[in-house]
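The tour goes from one selection to the next and says what is found at each stop.

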Amino acid sequence: MSAAPPIVMTREQSDICACTHPRILVEANAGAGKTTTAAMKIARLVEQGANPSRILALSYTEPGVQAYLAAFERLGLKPELARAIRVGTLEDFCAARLKWLENWVVERLNRAEQVRPAVLAAIASARESVSGRYAGEFALDGSGEFAVEGLLDEFAQIKGSMQLLRQEEGFRITPDSAGELGRDFTTLAVYHCYESQRCHFVDPAGEPRVKFRYAGDATYDLARILASDDPSFSWERHPLRLKLDAVILDEMHDSNWAMFTVLQALLAVNDGVQFLGVGDRDQVIHARDGADAYFMGPGFAAFIGEPQRLPLTETRRFGAGIAQPLARLAHKPYPSHAALQSRVEIRQAGSAAELIGWINDALTRRPGLRPDSPRSQLALLLRHPSAATELEHGLRRQAIRYQSVGFTSYLERPEVLFVRLLFAAAVRLPDQFRSALLAPAKRAAWEFIGGVVLDADAAQTAQVVEQASEANFAEFVLPALLRQTPHQAASRQVQQAMRLAASDRIEDLPRAIAALDIRQLARRVFVQVEAAEDSERSLQGLVRASQSYASISEFLRSLLAHDYDAHAEKWAGERIILSSIEAAKGLEFEHVIIPDLNRSDFDGERADERNLFYVAASRARQQLTLVHRPGQASSYLRHFVSN
């Protein structure tokens with residue numbers, strides 16, 4: 001096997017490696033080799049005599065860490081030198097420094113289901129704590145089971161932005177103060193209880209401890225300690241005094257207040273340390289953990305010092321066909337390597353069926369895909385995954401295998417499980433759930449309807465719901481919940497929907513779904529307005545998917561069959577990718593399709609919205625296909641029309 005060709009520096013990379021300014025910020029384009037350039041800088045520092053064990057190379061994600069290691073190998077850095085460099089995620093680095101500072105091992109939890117009990121306990125505690133003065137302001141009914149992941153996302157934004165810690169002394173959480181912060185009062189009330197339980201744990205020896213840390217908590221906890229007016233350490237025992245020679249930070253565009261607070265302290269307490277930060281401000285998505293372009297802009301100069309800003313513009317991911325429109329979109333130079341060829345295609349699709357036909361055609365003709373490339377190199381990146389119900393259903397009908405990334409497949413969404421259970425009961429269709437989904441479906445029905453059965457309390461009702469068979473739930477538990485729920489208006493909506501569905505006529509399904517008013521029901525279950533809107537979009541797609549069936553029963557049977565097929569071994573082969581745009585960040589594919597580029601769905605002047613489109617479009621290597629409804633083209637497409 002022949003050796004890989006040596007990596008040749010571009011002029012921009014050479015300038016970055018030669019720069020001796022102590023604070024360097026590299027403004028990079030997507031695909032320009034950010035991690036490779038950071039690794040080049042590290043290799044140059046080592047060549048110049050820097051101790052590799054005093055070089056800290058940080059990224060925000062584990063794939064970013066692996067990219068560092070792969071770049072070291074491509075650059076030919078000796079393995080013993082590469083191993084000596086302190087490479088890791090910022091979160092892992094902060095966890096290690098907290099362990100040293102606290103002299104206590106705090107359990108780290110990485111999955112939402114691991115912290116679910118703590119969030120549910122916080123919901124119950126918050127509801128009780130506001131039951132007097134603010135009882136009418138607490139918007140979450142039931143256990144809050146389906147609000148957990150949305151709440152954790154909100155908590156990550158609150159912590160990442162350090163929003164509450166940056167308020168004036170004496171700040172209190174009230175409906176008015178929550179509104180002033182642009183936050184939901186219920187969310188802040190639950191957050192307060194959750195953090196109290198997480199951070200004020202007393203160990204068996206009577207010592208106050210942090211009970212656990214979820215994703216992002218180590219960075220936040222260290223940041224709040226560093227920002228404290230009365231820190232728990234002396235200057236001599238500062239947790240970040242590590243005698244570092246250099247700090248290299250990749251993916252700097254993902255910085256938030258907590259991360260930046262740690263970075264600021266790290267550079268302040270390590271005398272003479274050099275810094276290189278690499279990022280692309282057009283990839284900042286504020287909704288994700290409170291990321292803010294401010295820290296690569298004026299914030300850096302204000303809090304750390306004026307940096308030397310250097311460009312890294314030439315993309316090695318795609319050719320001019322994609323680079324030139326992105327340059328117009330982002331208002332910045334975007335050269336591409338001369339050897340790269342890429343193509344942009346703009347298509348109109350009036351329906352999901354038309355889009356699926358093109359996907360089938362793309363899998364047959366394979367535009368943009370190399371002959372030996374797997375199907376996973378074809379990716380559909382979705383602005384609103386909740387709106388993909390009809391698309392997912394159509395793909396399954398056409399036996400097009402896919403893998404959903406960054407979102408819950410429509411068959412497992414709570415509102416779809418709820419509707420399936422209701423309408424199966426209405427048309428008296430038994431055994432409509434595989435065992436793994438029956439429990440979530442029953443739980444969804446209870447959460448959306450509310451109430452308890454007979455004289456049972458919430459805990460006893462939960463047990464009844466869990467233990468009921470599908471037939472028993474439909475015949476006894478569901479009617480009991482509908483009779484005894486305190487939300488009788490919701491009960492009437494559900495019963496009306498079931499009466500309409502009982503006809504088993506497919507033309508009555510849209511009216512039955514409309515009668516539910518799922519957006520109103522979901523508002524009590526999810527708290528976040530966007531999650532309630534997602535539920536509505538999801539069921540609208542379900543209605544559209546149903547219209548080619550002869551009856552409601554036939555449609556429900558198809559959903560069950562698709563559910564079994566999705567988990568059968570025959571679906572374990574090659575799959576195309578259906579991903580949220582946020583989950584595709586940092587990835588790349590040979591052919592990217594972005595559907596629903598309509599004025600009403602994916603458009604606008606908000607930076608987050610434009611950046612989402614920039615991130616999605618810049619994932620493509622060979623071909624980018626942009627799809628919109630006839631007469632509804634997003635304004636973003638104007639940058640590609642002249643291409």
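The model is predicted, and residue numbers count from 1 along the chain as its sequence is written.

**Stop 1: the open sheet**

Begin with the strands β11, β16, β15, β12, β14 and β13, selected in that order, which is their order across an open sheet of six strands. The pairing in this sheet is parallel.

**Stop 2**

Keep residues 378-382 and 576-580 on display. They are β12 and β14, which run parallel and are joined by four bridges.

**Stop 2: a salt bridge across the sequence**

Next, show the side chains of Lys585 and Asp254. They form a salt bridge, and the closest N and O atoms are 2.8 Å apart. The two residues lie 331 positions apart in the chain, so the pair is described as a link between distant parts of it. Lys585 sits in the loop between α25 (581-584) and β15 (589-594), while Asp254 sits in the loop between β8 (246-249) and α11 (257-269). Is Lys585 buried or exposed? Lys585 has a relative accessible area of 15%, and buried means under 20%, so Lys585 counts as buried. Asp254, at 16%, is buried too.

**Stop 3: a salt bridge with partly exposed partners**

Move to Glu314 and Arg316. Their side chains meet in a salt bridge with an N to O distance of 3.1 Å. Glu314 has a relative accessible area of 24% and is partly exposed. Arg316 is also partly exposed, at 43%.

**Stop 4: a network of salt bridges**

Now select Glu102, Lys159, Glu195, Arg198, Arg213, Asp217, Asp221 and Arg224 together. Salt bridges that share partners join these residues into one network. Within this selection, zoom in on Arg213 and Asp221, which form a salt bridge with the closest N and O atoms 2.6 Å apart. Arg213 is buried, with a relative accessible area of 5%. Asp221 is buried as well, at 1%.

**Last view**

How many salt bridges does the model hold? The count comes to 46.

Conventions
Predicted model: local features only at pLDDT ≥ 70, side-chain atom pairs only at ≥ 80, totals over all residues. Heavy atoms only, no water. Salt bridge = Lys/Arg side-chain N within 4 Å of Asp/Glu carboxyl O. Buried < 20%, exposed > 50% of the residue type's maximum accessible area, 1.4 Å probe, protein only. Pairing = 2+ DSSP bridges.
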